[in-house]
Structure formats: structure tokens, C-alpha cells
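Colleague: I have a model to look through with you. Shall we take it piece by piece?

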Amino acid sequence: MKILVTGANGQLGTEIRMIAKYDEVNDFSYVDVDNFDMTNAFDVAKWFANQGPFDVVINCAAYTAVDKAETEIKTAKLVNSVAVSILGDICRKMNARMIHISTDYVFDGQNYRPYQEDDLVNPASAYGQSKLEGELAMIQGEVPGIILRTSWLYSPYGANFVKTMLRFGKERESLNVVFDQIGSPTYAHDLAEAILQIIHHPSFQTTNWKGEIFHYSNEGVCSWYDFALEIMEKSHLSCQINPIRSEEYPLPAARPHYSVLDKKKIKSTFGIHIPHWKVSLAVCLEELKQIS
Ligand SMILES: NC(=O)c1ccc[n+]([C@@H]2O[C@H](COP(=O)([O-])OP(=O)(O)OC[C@H]3O[C@@H](n4cnc5c(N)ncnc54)[C@H](OP(=O)(O)O)[C@@H]3O)[C@@H](O)[C@H]2O)c1
């Protein structure tokens with residue numbers, strides 16, 4: 001298969017690249033904003049005319065600055081929604097299956113049980129709204145492929161909560177972290193493995209999905225406070241973590257209080273085994289030690 005990964009220098013894109021190095025069967029191509037600005041329909045079409053067609057397109061490209069999106073709404077929508085239409089249109093024309101990544105922030109967080117794929121969406125932020133519009137672009141555009149919603153992504157690459165906590169943990173004696181936002185962390189490496197497993201699964205290859213939604217995060221549930229505690233403990237950092245409410249740490253963008261994703265559908269459809277977040281966090285911390 002010819003597989004294209006967009007946003008290949010981001011957290012998820014990098015993890016896919018690391019794993020795909022060992023794939024001797026499929027032919028992977030990687031692009032990011034510097035050589036493939038997805039918001040430019042003309043350039044994207046020209047690029048595919050030269051390089052295409054592809055069998056699968058994994059769209060890891062996104063505008064992910066959640067707080068900045070509140071004031072940069074136009075840019076967030078351009079990357080997270082308009083660009084998905086552009087890419088989706090090309091996928092439909094060249095008969096490629098697209099795997100598009102979305103977020104738990106499409107939900108408002110008022111639920112009392114893990115969110116299922118068909119639960120009501122109601123984003124609380126401009127970022128969440130732009131990602132929801134990206135999902136709709138794929139569904140309404142009848143783009144062949146699937147949407148994977150994930151949450152609290154981290155990895156040894158790029159900026160993320162784990163790396164921020166490690167930095168603060170070394171610099172500070174104490175830190176306040178919110179305990180009233182509950183979700184599930186996702187190690188980007190695990191998600192990357194799941195994506196590559198899905199691509200090879202007969203259901204993905206034969207089912208005529210057009211924007212079918214699946215949820216993926218690591219197993220288990222925690223607050224950002226619990227997550228921070230675990231990072232400190234596993235890294236033998238003595239920084240004290242104090243639990244605070246979201247109101248005590250105001251940010252431009254509202255976050256859902258509860259955004260745990262139900263993963264039953266992805267597990268039963270593709271037979272995916274998902275590690276617990278504490279197990280995967282330990283693996284990531286070890287990886288960070290190796291590369292630092
Ligand atoms: N991070 C999270 O906590 C989280 C949680 C839930 C869902 N997700 C979703 O998971 C996916 C992967 O997230 P991630 O954390 O890997 O994102 P990331 O690290 O921010 O990577 C996104 C990549 O897309 C690139 N990009 C931005 N604008 C582009 C454009 N116009 N054309 C082409 N590429 C462009 C970025 O380049 P620049 O860096 O140069 O802008 C970056 O390399 C995204 O869809 C995101 O919405 C993320």
C-alpha cells in the first residue's frame with residue numbers, strides 16, 4: 001500500500017514514522033506544513049498530481065494550540081476543518097481511505113459515563129468547534145475512511161503535559177494542577193500502533209465507511225492532578241503537586257470536566273489491545289530518558 005502521513009513532524013506523525021521504519025512492505029510518504037500546507041487547495045492538488053495516487057492518507061496535521069484558538073479562530077478552522085475538506089475531496093477522487101484524527105474536546109464534558117461515538121457533541125472551545133467541523137467535513141463530504149477521536153496526547157516529541165510536568169518538576173518545589181477535569185491520557189506511540197493495525201485489518205480494507213467514528217485513548221481514567229502525581233512519582237521528583245479547581249487556574253479556552261472516551265467499538269471492530277495509561281506513561285518516561 002502507498003500510505004501518506006500528513007503533519008508528520010507532530011507528536012503522532014513522529015510516532016508513526018518511528019514505527020513505520022520497520023515496515024518493509026508498505027510505502028510511506030511523510031509531509032508537513034513546510035512542504036505541504038494543507039490549507040492551500042491548489043498546492044495540495046498539485047502535490048498529489050505529482051506524487052499520487054495513495055491507498056491510505058493518515059491526517060495527523062492539525063492546529064492544536066487550544067488556548068490560542070480562542071483568538072485565532074480563523075486559522076484553527078482553516079487547518080482543522082477547511083483543510084480536512086480539501087484533503088478529503090482528493091481522497092474521494094483518488095479512492096484513498098483516510099484516517100482523520102479528532103478529539104475528546106468535541107464533547108462538553110457534562111456526561112457521567114464514558115462517551116460513546118454517537119453521543120451528543122457540543123464543544124466548549126473554539127478548538128473543539130474547529131475539530132468538530134473537521135469531522136463534519138469528512139462525514140458530509142462522504143470521504144472514505146474513519147475518524148479516530150483521542151484525548152490527552154503525549155509523547156517524547158513536541159510540547160505536551162508530560163514534558164511540561166518533568167520540566168516544572170525539576171525547577172519547582174510545588175505545583176498546582178487541576179483535579180476536576182477527568183479523562184484518559186494517550187501515549188501517541190500506542191495510538192500510532194493502533195492506526196497501523198487498523199490499516200491492515202480486513203474491516204478497514206473492505207468496509208465502505210464514510211467518516212465512521214471510533215474512540216481511542218489509553219485504558220484507565222484520571223484527573224490531570226493524578227496524571228501529574230504519577231509523572232512525579234515515576235520520575236522520582238520531589239515536587240509537591242497540589243490539587244486545584246479549574247476556576248483557580250483560568251485559561252482562555254474552557255475544557256470539558258469529564259471527557260473519558262468509551263473504546264468498546266474500536267476494540268471489538270479491530271481487535272485492538274489497549275495498555276493502561278500508567279503502563280504506557282512508564283514506557284514513555286523510559287523513552288525520554290534514553291533520548292535525553
Ligand atoms: N495533543 C493533544 O493533546 C490532542 C488531544 C486530542 C486530539 N488530538 C488530535 O490528534 C492529532 C495529532 O495531534 P498532535 O499532538 O500530534 O499534533 P501536533 O504535534 O501539534 O502536530 C500537528 C502537525 O500538523 C502541522 N500543521 C499545522 N498546520 C498545518 C497545515 N496548514 N498544513 C499541514 N500541516 C500543518 C503542525 O506543524 P506546526 O507544528 O509547524 O504547526 C504539526 O507538525 C490532531 O488532529 C489533534 O487535534 C491531539
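This is a predicted model: local features need pLDDT of at least 70, side-chain atom pairs count only at pLDDT 80 or more; totals for chains, interfaces and linings use all residues.

Colleague: Where is the place of His236?

Modeller: Helices (H or I, at least four residues) and strands (E, at least two) are DSSP runs, numbered from the N terminus. By that count, His236 sits in the loop between helix 8 (224-234) and strand 12 (240-244).

Colleague: Is His236 buried or exposed?

Modeller: Buried means under 20% relative accessible area, exposed over 50%, partly exposed in between (1.4 Å probe, protein chains only). His236 has 73% relative accessibility, so His236 counts as exposed.

Colleague: What is the phi of Asn95?

Modeller: Asn95 lies in the loop between helix 3 and strand 4. Its relative accessible area is 63%, so Asn95 is exposed. Asn95 is not a glycine, yet its phi is positive, at about 60°.

Colleague: How far apart are the end C-alpha atoms of helix 3?

Modeller: The expected span of a helix is 1.5 Å times one less than its number of residues. Helix 3 (residues 73-94) has 22 residues, so it should span 32 Å; this agrees with its end C-alpha atoms, which are apart by 31 Å.

Colleague: Where does helix 3 bend?

Modeller: The bend at a residue is the angle between axes fitted to the seven residues ending there and the seven starting there. For helix 3 the bend is about 35°, and the residue is Val79.

Colleague: In what order do the six strands form the open sheet?

Modeller: Two strands pair if DSSP finds at least two bridges between them. The pairing in this open sheet is parallel, and the order is 2-1-3-4-5-10.

Colleague: Which are the edge strands?

Modeller: An edge strand here pairs on one side only. The two are strand 2 (27-30) and strand 10 (210-215).

Colleague: In strand 10, what is the bridge partner of Arg149?

Modeller: Strand 5 (residues 145-150) and strand 10 pair in the parallel sense over five bridges. In strand 10, the partner of Arg149 is His215.

Colleague: Which residues does the cis peptide bond join?

Modeller: Look at the loop between helix 2 and strand 3, where Pro53 lies. Omega is about -5° for the cis bond, and the residues joined are Gly52 and Pro53.

Note on methods:
Residues are numbered from 1 along each chain as its sequence is written. Side-chain values use heavy atoms; hydrogens and water are left out.
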